[in-house]
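Please consider the sequence and the three-dimensional structure shown here. The paragraphs that follow lead through selected parts in turn.

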Amino acid sequence: MLMKKLEKLLASESFVNYVHRRNQADITWWEQWIKENPQHEELVERATLVVYSLRFNPGVLDERVTAEQWYKLQARIRKEAYAVNNTTNSGRKQFYRFAAACMGLLALVGAYYLFWYNPKIIYETGIAQKATLKLPDDSEVTLNRNSAIQFLKSWEKDTVRQVWLQGEAYFKVNREKGADGGYKRFEVHTDQLIIDVVGTAFSVNTFGGDYVSLESGRVDLRLKGMDDVYTLFPGQMAKVNDAGHIEMSELKVGPHISWVDGKITLNDNSLGEVITFIEHSYGLTVHCDEKDLLGRKLSGQMRIDNLDDLLAVLEKVLDLVIVKDHGNVKIFAIK
Amino acid sequence: MKFLNRIGQNLNTELSEESPMMDAELWELFKKGDEAAFKRIYFRNYPMLHQYARNICKDEHVSDDVIQDMFSDLWHSRRNLGVAVSIKAYLFSSLRRRILLKMKQIRRKQVLALELFTFNPDIEFSPEMVLIREEGNYFRRSIVKEALNQLSKRQKEVIYLRFYQDIPYKEVAKIMGINYQSVLNYCQKALQILRTNDALLRVVSEDAIR
């Protein structure tokens with residue numbers, strides 16, 4: 001009976017604390033107890049040694065292993081969280097898709113009636129389409145993905161050749177003489193700008209702040225509703241900034257996405273700009289919650305005919321996790 | 001000597017917990033979806049959990065996978081979690097259950113054994129785990145290791161959790177899914193057995209004297 005009680009005592013937390021000198025109260029108590037019970041001295045000594053032997057190496061785990069596993073875990077959780085959100089929303093999503101299809105149909109019917117009596121011609125490119133077309137005066141326009149251009153069927157009676165552009169296009173404009181002997185002006189209208197040329201090659205992009213870059217010749221431009229005229233010379237570009245003013249810069253200096261020939265050439269562009277480009281070219285929505293990612297800069301050439309390849313390249317180069325799902329792309333940082 | 005020991009202890013606790021945050025507080029933050037809290041829980045416990053998983057299951061891939069599964073599920077189900085008095089104990093018991101389940105699944109594919117119903121982790125102590133003051137002395141480590149490995153599975157686990165992982169008896173009981181009294185009994189029995197091991201005592205007393 002007494003032995004049993006003693007065994008219990010020797011396995012108690014208090015005894016462990018005494019052996020490892022952890023708790024002053026326990027140490028005092030046990031020192032006192034040993035003094036009072038000298039007949040158990042040998043047993044206590046053995047017990048002390050045994051508990052003393054139960055000290056272990058904490059086992060050093062390389063911090064890198066912990067961190068490495070943490071990255072894996074994060075990437076996995078994000079992918080899973082994304083999948084979970086999608087499955088729960090799939091019903092609502094499908095409804096939206098249906099609604100969008102209805103709206104699209106309605107818009108098409110509307111457009112059809114709108115332009116039935118109107119001689120305006122409209123060309124649109126889809127999300128993975130590029131088109132080169134001839135204008136009524138034999139000038140050439142290369143229309144990038146997801147862009148639209150409008151012009152009148154015939155320019156013969158007009159003194160000004162006019163086109164309306166949404167999206168991105170590359171123009172090669174011929175000089176054309178008017179009835180009065182002078183050159184006919186060629187005007188490109190975008191949401192923000194009126195671009196006025198005689199005959200030249202230039203490109204216009206209205207995705208994310210209108211900008212115009214010039215290859216040869218000369219371009220005059222002004223903001224809609226303003227009288228100030230800005231003149232652009234070869235190698236320069238003009239951009240409408242967030243405040244709504246025109247900003248001029250040298251083409252090679254500023255960041256610039258050019259897309260001719262099925263590739264994009266990036267020149268110190270931020271990821272944000274690339275995202276805007278992808279969104280418009282492929283008709284996708286790209287989400288990126290981490291704002292500091294958007295500022296990362298890129299240079300070089302990338303092929304753009306295949307979205308998956310493009311995303312894979314971005315993922316590699318910028319060390320990101322990119323999840324693609326139907327019309328959505330999500331970008332995460334690897335932390 | 002005693003005084004020095006105590007100072008050493010204090011230093012250790014200070015170093016390991018740079019800015020102590022109560023488990024309850026951290027757990028609440030985590031349940032609200034605070035990623036920093038999650039990260040903290042992860043980094044604070046991962047090394048020990050890794051060790052524990054490896055000591056139960058020898059297969060590195062399996063043990064790593066199980067830990068990942070556990071943390072991933074933990075994050076997704078954080079809103080439904082209860083109050084955790086000790087995060088460490090919670091994680092250990094969760095990991096223990098998962099690893100045993102996984103090992104059962106793996107085994108079932110290979111052999112159909114009756115022992116599945118009484119499946120307990122078999123922790124094997126290695127010489128490297130044993131702390132000896134005279135570091136290079138492999139012989140002493142082996143003696144201690146041998147003594148520990150002679151214990152029964154349950155006794156080994158109690159000793160491992162209480163002394164190697166430094167988890168109080170109460171939480172050891174929760175982790176192993178047995179009651180407090182049983183934990184004490186296993187521990188008493190184990191200590192009793194070790195006390196009769198003369199080789200162990202000799203080695204330890206030599207080490208303690210130095």
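**Helix packing in chain B**

The axes of α2(B) and α3(B) cross at roughly 125° and come within 7 Å of each other. Axes are lines fitted to C-alpha atoms, for helices over the stretch in contact, and angles run from 0 to 180 degrees between N-to-C directions. The angle makes α2(B) oblique to α3(B); angles under 35 degrees count as roughly parallel, over 145 as roughly antiparallel, 65 to 115 as roughly perpendicular and the rest as oblique. The crossing of these two helices, α2(B) and α3(B), is left-handed, a term for a near helix turned anticlockwise from the far one by less than a right angle, with right-handed used if it is turned clockwise.

This is a predicted model, in which local features need pLDDT of at least 70 and side-chain atom pairs count only at pLDDT 80 or more, while totals for chains, interfaces and linings use all residues. Residues are numbered from 1 along each chain as its sequence is written, and chains are lettered from A and ligands numbered from 1 in the order in which they are written. Helices (H or I, at least four residues) and strands (E, at least two) are DSSP runs, numbered from the N terminus.

On the α2(B) side, Leu26(B), Leu29(B) and Phe30(B) meet Ala37(B), Phe38(B), Arg40(B) and Ile41(B) of α3(B). Two residues are in contact if their C-beta atoms, placed from the backbone, lie within 7 Å. By class, the residues of the contact of α2(B) with α3(B) are six nonpolar, no polar and one charged. Here Ala, Val, Leu, Ile, Met, Phe, Trp, Tyr, Cys and Pro count as nonpolar, Asp, Glu, Lys and Arg as charged, and the others, Gly among them, as polar.

Within α2(B), which spans residues 23-31, Leu26(B), Trp27(B) and Phe30(B) are buried. Seen down the axis of α2(B), the buried residues fall within an arc of 100°, so they line one face of the helix; the arc is that of the directions from the helix axis to the C-beta atoms. An α-helix has 3.6 residues a turn, so residues three or four places apart point the same way. A residue is buried if 20 or more other C-beta atoms lie within 10 Å of its own, exposed if 12 or fewer, and partly exposed in between, with C-beta atoms placed from the backbone. Gly33(B), with a positive phi near 95°, follows α2(B).

A further packing joins α3(B) and α4(B), whose axes lie 10 Å apart at an angle of about 150°. That angle makes α3(B) roughly antiparallel to α4(B). The crossing in which α3(B) passes α4(B) is right-handed. Among the residues that make the contact are Phe38(B), Tyr42(B) and Leu49(B) of α3(B), and Val66(B), Ile67(B) and Phe71(B) of α4(B). In total, the contact of α3(B) with α4(B) has eight nonpolar, two polar and two charged residues.

How is α8(B) placed relative to the rest of the structure? Six of the eight residues of this helix, residues 169-176 of chain B, are buried, so α8(B) is largely enclosed by the rest of the structure. The buried residues include Tyr169(B), Val172(B) and Ile175(B). Just after α8(B), Gly177(B) has a positive phi of about 70°. Asp166(B), in the loop between α7 and α8 of chain B, also has a positive phi, near 55°, and is a residue other than glycine. Asp166(B) counts as partly exposed because it has 13 C-beta neighbours inside 10 Å.

**The two chains and their contact**

Chain B has ten helices and zero strands, and 34% of its 210 residues count as buried. Chain A has eight helices and 20 strands, and 24% of its 335 residues count as buried.

The contact between the chains takes 38 residues from chain B and 27 residues from chain A. On the side of chain B that touches chain A, the largest share, seven residues, comes from α9(B). By class, that side of chain B has 23 nonpolar, ten polar and five charged residues.

**A loop residue in chain A**

Asn146(A) lies in the loop between β3 (140-143) and β4 (148-152) of chain A. Asn146(A) has a positive phi of about 55° although it is not a glycine. With 21 C-beta neighbours inside 10 Å, Asn146(A) counts as buried.
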